[in-house]
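Good morning, and thank you for coming. Please have the sequence and the model in view.

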Amino acid sequence: MKNKTMMITISYFAMALLCIAPSDAQTQGVGFGYRGKNGPNQWGHLNPHFTKCAVGKLQSPIDIQKRQIFYNRKLESLHRDYFITNATLVDHVCNVAMVFAEGAGDVIIENKNYTLVQMHWHTPSEHHLHGVQYAAELHMVHQAKDGSFAVVASLFKIGAEEPFLSQMKGRLVKLKEERSKGNQTAQVEVGKIDTRHIERKTRKFYRYVGSLTTPPCSENVIWTILGKVRSMSKEQVELLKSPLDTSFKNNARPCQPLNGRRVEMFHELVDAKETGNKKKKPAIRRRNPIKN
Ligand SMILES: [Zn+2]
């Protein structure tokens with residue numbers, strides 16, 4: 001029975017990642033959206049499985065504010081090992097995602113391995129940093145063997161082109177074309193992709209325990225928000241929105257109350273006390289990493 005409950009929980013997690021309401025819920029017309037009667041304030045009442053969205057105390061996203069941040073010297077640097085793998089660009093109705101084949105690599109948090117499953121984008125950003133909402137947010141979703149999740153998020157402001165999305169431009173256009181033909185869950189094969197640049201070294205990040213930002217809003221998701229805000233062009237933001245229906249083009253859930261949670265900060269430069277060791281490699285043993 002316990003196993004069955006767990007399977008149900010995992011399947012809802014999986015559906016949340018796919019960003020598609022359960023099929024029975026869809027036929028009952030209770031799929032979620034980002035505005036009006038299916039908007040974020042109503043999520044908790046749309047389906048009995050979504051109640052956490054309304055009553056949960058560890059919800060995401062949040063506004064990461066200076067006064068709530070605790071510098072934690074014991075926090076380890078972000079250990080990510082990603083590998084070249086096959087990927088597929090998918091229209092998940094509520095966002096554009098890249099789904100990875102097995103063996104995409106891991107992030108290791110507190111000695112626990114979480115495997116990279118997929119990544120997707122939100123426009124504008126879901127997390128706010130010091131009160132600022134950015135143009136976009138990338139969520140790299142990792143899942144451990146026990147079904148638990150760790151998401152690594154990057155915030156983007158409008159500026160120079162983001163190199164990875166530049167590479168994906170043709171495929172995003174194709175995804176939009178597929179979608180406009182009426183294919184609800186369009187997808188475009190990407191083939192082998194190199195995630196080296198995604199794995200770039202992180203000197204600063206924020207860590208807290210939150211939830212999935214889409215129904216069922218399940219909790220105890222380990223969030224890592226990278227401290228360095230990156231940039232993408234306005235055209236790239238539009239490109240990410242282009243395959244989505246109007247009601248999902250702005251797919252950011254509003255910030256949720258912190259409810260006394262701690263947001264911890266890792267900062268390599270504070271650790272190094274600005275000793276000029278900025279380029280020193282972290283003492284992390286990497287297993288067969290992709291060569292730079
Ligand atoms: Zn997300």
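I109 stands opposite K112 in β7. Before I build on that pair, two remarks on conventions. Residue numbers start at 1 in each chain and follow the sequence as written. What you see is a predicted model, in which local features need a pLDDT of at least 70 and side-chain atom pairs count only at pLDDT 80 or more, while totals for chains, interfaces and linings use all residues. Helices (H or I, at least four residues) and strands (E, at least two) are DSSP runs, numbered from the N terminus.

Let us return to β6 and β7. These two strands form a hairpin with two residues between them, and E110 in the turn has a positive phi of about 50 degrees. β6 is joined to strand β7, residues 112-122, by four bridges, and the two run antiparallel. Strands are said to pair if DSSP finds at least two bridges between them. Strand β3, residues 79-82, is also joined to β6 by four bridges, again in an antiparallel arrangement. In that pairing D81 stands opposite D106 in β6.

β1 and strand β8, residues 128-129, run parallel and are joined by two bridges. Within this pair, I64 stands opposite L129 in β8.

Most residues other than glycine have a negative phi, and most peptide bonds are trans. A cis peptide bond, however, joins S60 and P61, with omega of about 0 degrees; P61 is found in the loop between α4 (52-55) and β1. A cis bond also joins T123 and P124, with omega of about -5 degrees, and P124 is found in the loop between β7 and β8.

Positive phi values occur at two asparagines as well. N220 has a phi of about 65 degrees and belongs to strand β14, residues 219-226. N220 counts as exposed because it has 11 C-beta neighbours inside 10 Å. N259, with a positive phi of about 50 degrees, is placed in the loop between α8 (246-249) and β16 (263-267). N259 is exposed too, with 10 other C-beta atoms within 10 Å.

What of the interior? The largest nonpolar core has 62 residues, and M98, A136, M140, A150, V151, Y206 and W223 touch the most other members. Such a core is a set of buried Ala, Val, Leu, Ile, Met, Phe, Trp, Tyr and Cys residues joined through C-beta atoms within 7 Å. Strand β11, residues 149-158, gives the most to this core, with seven residues. Leaving aside neighbours within four places in sequence, M98 is in contact with A87, L89, Q118, M119 and V190. Contact means that the C-beta atoms of two residues, placed from the backbone, lie within 7 Å.

Beyond four places in sequence, R179 touches D91, A186 and P243.

Finally, the overall view. The protein has nine helices and 16 strands, and 37% of its 292 residues count as buried. The average pLDDT, the predictor's confidence in each residue on a scale from 0 to 100, is 85, and 81% of the residues score at least 70. Over residues 21-30 the pLDDT is below 50, and this stretch has 11 contacts in the model beyond near neighbours in sequence. Over residues 274-292 the pLDDT likewise stays under 50, with 14 contacts beyond four places in sequence.

Key
A residue is buried if 20 or more other C-beta atoms lie within 10 Å of its own, exposed if 12 or fewer, and partly exposed in between; C-beta atoms are placed from the backbone.
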